[in-house]
Structure formats: C-alpha cells, structure tokens
Amino acid sequence: MPELRKDPIIGRWVIIAVERARRPKGFKTAFSIQDEGECPFCEGKEAHTPPEIFAIRKEGTKPNQPGWDTRVVPSKTPFLRVEGELNRHGQGLYDVMGGIGAHEIIIETPRHIANIADLDEAQIAKVITCCIDRFVDLSHDERFKYMLVFKNYGWDSGGGRVKHSRTQLIATPVTPKRVKEELLGAKKYYNYHERCIFCDLIRQEIKSKDRIVFEADDFVAMTAFASRSPFETWILPKQHSCDFSSMSVECRLHLGKMLKKVLTKIKIGLDDPPYNYILHTAPFRKKISKAGYWKTIEDDYHWHLEIMPRLTNPAGFEWGTGFYICPIAPEGSAKYLREVEV
Amino acid sequence: MTELRRDPIVGRWVIINITNPKKPGDFKVGPHHYDDATNCPFCYGNEYMTPPEIQAFRHEKTMANTPGWQVRVVPNKFPALQIEGNLDRKGLGIFDMTNGIGAHEVIIETPYHAKDIADLELPEIEQILDMYCQRSRDLAKDKRFKYIMLFKNYGGAAGATLDHNHSQLIALPMIPKNVLEELNGSGKYYEFRERCIFCDLLSQEYEEKERILTQNNNFIAFCPFVPRFPFEMWIMPKAHKLFYSETTQEEISELAKILKEVLLRMKIALNDPPYNFIIHTSPIDGEARPGYHWHMEIMPRLSRVAGFEWGTGFYIVPTPPEVAIKYLRGVKI
C-alpha cells in the first residue's frame, strides 16, 4: 500500500510508493559526458576564468596564479548580473524587475576531481569557508536579500560538462518562493509551540533512529520523512542556529567530515549517481531586521543542507501538483546507506 | 541582460534571458523515437497485458478487452495510489501521514503505436478529450476524492515509461500544494477585485497581442508572460469556466483543433521535443471558487532543472515568450 506523507515545514505531500520500488542499481546513473577540451578550473589555467573574487591560497602567491586551494570566480554565463539598478515596475497585472544579482563559482580543488566526496575533510572545510566569506561579503550589498548555495553534480542534475568539482552561489534581489515557504512554515510552528520545528524533528529522529544515516560530532544526517526523491538526505547541525555563516572553524571541519561521509556512501551505494545539494539558510538579516519582518527568525529557523540524488525524473504529475512520488521508503534508504561501508 | 518577472497568481519569480534568447535549434532534443511495437501492452491484440479496462470507446459489437477500440482506459499497472480502502489519516510525532488512497488510470489515446496527438485526426482527438471529461465526471462521484488531475508525459525525458501514446488521470484525497497555491492566489484577487485574474490576464493578452499564438470561438493559445520553461504554452477557455469536466461537445471540437495546432507547431519548430501537459481545473471538494478558471499548461522539456530551481522555485527561462511565439507562429502547417 502506498503511503502519503506530509512535510511538516512547508506542507508538501509526497507519495511513498513502495510497490513501484526499484532496487538502487535500477536507477539510471553515472556521469557519461566527456570533458570538452581542457578544463578551465585546474591549477595553471587561471587565465581561462574571469578574475578571481576570493581565494584561499598559499602565502606569497598572487591572485589568478597557481598556488590556491579553493578559488571563487564570477560565472562566465551568469543568470543574474551584478551591475545595474533593480528598476522594479509593473506591466498591467505583472511585476517586473531587472535581472540583478551575483552568480559565482567556487572551484573546490586545484586538481581535476569531479566529486566533492573524493576531497579530504580539510579541503571541504576550506570550501565551506569560501561560502561563508562570500555570504558575509554579499550580505553588505543592499540590493540582495538572499544567497543560495548549491551544487549540481553530474549531467542529469544540471551540472556542466566539465568534470571538476565546484559549488555555485547566487545572490538574489528577492527572497525566493521556496525559501519563503520554509521560513513561513517554521515561523508558524514556532508561534504556536515556541520551539524550533527542526530541533523537534532532530530530537524525534534521533530517538526513533529509523531514518538516521550517520551521526557524529555536532551534525546528524538523515533521510527526509517526506522525501521527494529516493535517498533524499538532510544534514543538520544539532545545535540550533539559523545562519550557517556563524559556524566555528572546528564546526566547518566537522561538516566537511559529515559531508564526505554521506556523499561517499551515496557514491558507493548508488553507483556514483548525479545529485544536487542545496544549503538552506536564513536570508540576509541586516536587511530583514530593517524591514521588521521575520523577527523571530533566529529562534524559529535552523539552517541545514538537503542532498537529492537525481535517480527519478519528475514528470507531469509532479509539475502539476507539487506532489512527489518516491519509490523507496526513507526508512529503507536510510538502512541501506547506514550499511554502506565507507 | 536578464529580466525578472513575477507570476501574479502564485507569486513565483522567473529569470528571463532577454538579450541573448536561445533559438529552437539551440536545444538538443528530439526527434522522438518509438521503440518496436512488439510486446506493447497498449497495442491492438495485447489487451490482456493491461489490467481489465474501465471504459473504452469502441466499435459496436466488439467486446471489452479485445481489439476494436479507439480510446481505452485501464488502471495503472503500477499505481502511485490505490482505489480500495478508506482514508486513514494519522500523526507520527510531528509528522502527518495517510494511506495512499486514490485512482490512477491510464488513457490509451489511440490504437496506433507511433502516433502522438499532433499526428491524429480531429475526431480522434475529440474522443480523447471527451474521455477525459467522462472519467472526471465519473470519479467526481467518489466522495473520498478532492482533486482530479489529467496530465500527459510524452517522451522518456518527460517521464513517459511506455512509448505508445497515453495520458494519465490521478484522483487525490487532498488538494495538492501547487493547485492550492493557484487557488489561493486567484481567490485573493477575486476577493479584492471581484474579478477573475485569468479573465483579466486574457484581456491583457488580447490588448498586447504579443504572446497569442492562435484562437478560435471558444479557446485561446498563448505563451504566458511568466513561463517556467522556454516555449511553455497555455490553452484557456475564453469564457469564465471553472471545471474542465463541464466542457460541452461543441467546445471539445474547438479544443481539439487548438490543441492539435499547438502541438503540431511545437513538434515542427522544436524537433519533436519531449513535453508534459497538465489540465488545471477546480477541485471537487464542493467548495465554491468563483475566481478560478480552468486551463491547460503545455511544457516542452528542453532544459534541465537544476539545483537552483529546486532550491528557490525560481526558474531560468532562456527564451522570452515574446520570442518563442515568433518561432511557433512561423511554422508552416
């Protein structure tokens, strides 16, 4: 019997359709696209990217020269551009504004490695430091309200053709709809219970253990109760915090370790599938406290990372309803991932 | 340079590439390839391979589950939801859940293995659209259901698992989230202005003329001002109608004409791309929603949805609707 589950935060229903289940190996996977020409992200090819915005590099080395560990550059094909005015206006029924924003690429390693799972934890911690540095810097720009950090790994996840590990970040002039829904859901729960819904969720999950993938230090990884895709996994800090940029240096190392563990389990267990991950964190708070809304955000929201292996292909039904059909129960996928030896 | 546009109904923003629009040839899709028809459960003579039919339009004197049908409806062999049982809602700590009660039917559109709607004759398309109405009306009698969704996945990249053309119907025990957003948005507008937002949207389209592909007595086809996908098309009844299932015979023949034209233009202009269409109609929960207006959304699957779209609900549209419409209009049919 299939089962319908509701995400308690944003109210999205999903269908856990175990009768339609396929074994993990039955999904289409892999990274079949070949590199086209030379990789512009490798050490020594710095001239092939726009000039760097930020880098963690060895002392005595110059910008846009070899000697870096992680490097942030503007996207060559940005969705949004940093120069210009917002120019909000109406057109009849519709609202329109200029495509202003920042779109940057974090090159995660100087070596030609495709999957962040294959980097060591200290290197991943440096990637996290880059994200934090960019977050703090972009939060000063009055035009921006939100910064999304995400990764597309593999062609089917929307990743590029170059097999060199990188994360993208986009600062937007409006708080995106999905983010707003999540913030609103968390706030509603807080208004009623005076507790953070994510903290409650972590407590319940740790107690039941059914969906826990891995727990260590100050992080927990679990499959989502109302998963949209098979093996959807969330990583949450156990300590309440609404903003990932407040992470301590030690915490970044722990997150690096956790991310490596979970992504390696996914890589081994699911035959190197394409995946996306998305960082969910509070909007730029300087801006929002000025506007007077999201007053309780520091108490009601809890930053986390959502990892979605792209094993199924959302079709007409998912687009039309916002319902997702997940062919594997999250308890089964958690058990499977727990048992993958890393 | 890009432009941000906001959908006035659900509040979604999209990013539209204004200065460097992608042309039809820039998308690497199609043409559609049909697998061999042997062992196709939807072909004549293979009726035994599907669960027994629920309804069919067939020649007189032919028996159920034998050849001789034109449109045939069967339960989905691998249903996402099951029809038997009572709805059993329950909580699990902070989580809500229910058993998966619902109907999941497959509408086999044609006995031809390798023909899509665009390739069919008008009377054949009318029968498909009529079947949609009949199944919707039948399932609406079941009090457990609150919403009926009709949709089609064409091509593997759009989620189709069988090549033989078919659409699907799912009846749900709750109103799904995306539909709820649309209902809320249009309801709010109606409350404030006492007008239907979709009717207002059509007036604006008639006036601007920039995004209309074609129209007839009862229907209009246009590229929405705020699409999620390049070359997205909407077909809407010109009159204010809430339910697809109340479409009359006369309207069905007009709808068949416009649907065929849109799909044919898309097929030619975009090299037979994979696509989805979805019929957005009012829920059947008994509540009055005077501000809603049924319509059909057709979405060619030309680009991949990546982390950014997942995370934000923002869509990036590489071809503005004003440009897409020119390519579709330019097709000779």
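Colleague: Before we start, what are the ground rules?
Modeller: The model is predicted, so local features need pLDDT of at least 70, side-chain atom pairs count only at pLDDT 80 or more, and totals for chains, interfaces and linings use all residues. Residues are numbered from 1 along each chain as its sequence is written, while chains are lettered from A and ligands numbered from 1 in the order in which they are written.

Colleague: How many helices and strands does chain A have?
Modeller: Eight helices and 15 strands. Both are DSSP runs, numbered from the N terminus: helices are H or I with at least four residues, strands are E with at least two.

Colleague: And how much of chain A is buried?
Modeller: 49% of its 342 residues. Buried means 20 or more other C-beta atoms within 10 Å of the residue's own; exposed means 12 or fewer, and partly exposed is in between, with C-beta atoms placed from the backbone.

Colleague: Which strands form the open sheet in chain A?
Modeller: Ten of them, in the order β3-β4-β7-β9-β8-β13-β14-β12-β11-β10, with antiparallel pairing. Two strands pair if DSSP finds at least two bridges between them.

Colleague: Which strands stand at the edges?
Modeller: β3 (54–57) and β10 (212–216) of chain A. Each has a single partner strand, so one side of each is left without a neighbour in the sheet.

Colleague: Take β12(A). Is it mostly covered or open?
Modeller: Mostly covered. Strand β12 spans residues 233–237 of chain A, and five of its five residues are buried. Thr233(A), Ile235(A) and Pro237(A) point one way, Trp234(A) and Leu236(A) the other way.

Colleague: What does β12(A) pair with?
Modeller: With β11(A), residues 219–223, over five antiparallel bridges. Leu236(A) is the bridge partner of Val220(A) there. β12(A) also pairs with β14(A), residues 304–309, over three antiparallel bridges. In that pairing Trp234(A) stands opposite Glu306(A).

Colleague: Which helix lies across that part of the sheet?
Modeller: α4(A), residues 249–269, lies across β10, β11, β12, β13 and β14 of chain A. It runs at about 155° to β10(A).

Colleague: Switching topic. How many residues of chain A are in contact with chain B?
Modeller: 55 residues of chain A, with 55 residues of chain B. In contact means C-beta atoms, placed from the backbone, within 7 Å. The chain A side divides into 29 nonpolar, 14 polar and twelve charged residues. Ala, Val, Leu, Ile, Met, Phe, Trp, Tyr, Cys and Pro count as nonpolar, Asp, Glu, Lys and Arg as charged, and the others, Gly among them, as polar.

Colleague: Which strand of chain B is joined to β6(A)?
Modeller: β1(B), residues 2–6, by four bridges, and the two run antiparallel. Gly98(A) stands opposite Glu3(B).

Colleague: Now chain B. How do α1(B) and α4(B) pack?
Modeller: α1(B), residues 122–140, and α4(B), residues 249–269, pack at an angle of about 115°, with axes 9 Å apart. That makes them roughly perpendicular. Angles of 65 to 115 degrees count as that, under 35 as roughly parallel, over 145 as roughly antiparallel, and the rest as oblique. Axes are lines fitted to C-alpha atoms, for helices over the stretch in contact, and angles run from 0 to 180 degrees between N-to-C directions.

Colleague: Which residues meet there?
Modeller: Among them, Leu122(B) and Ile125(B) in α1(B), and Ile252(B) and Leu255(B) in α4(B).

Technical notes: Contact = placed C-beta atoms within 7 Å.
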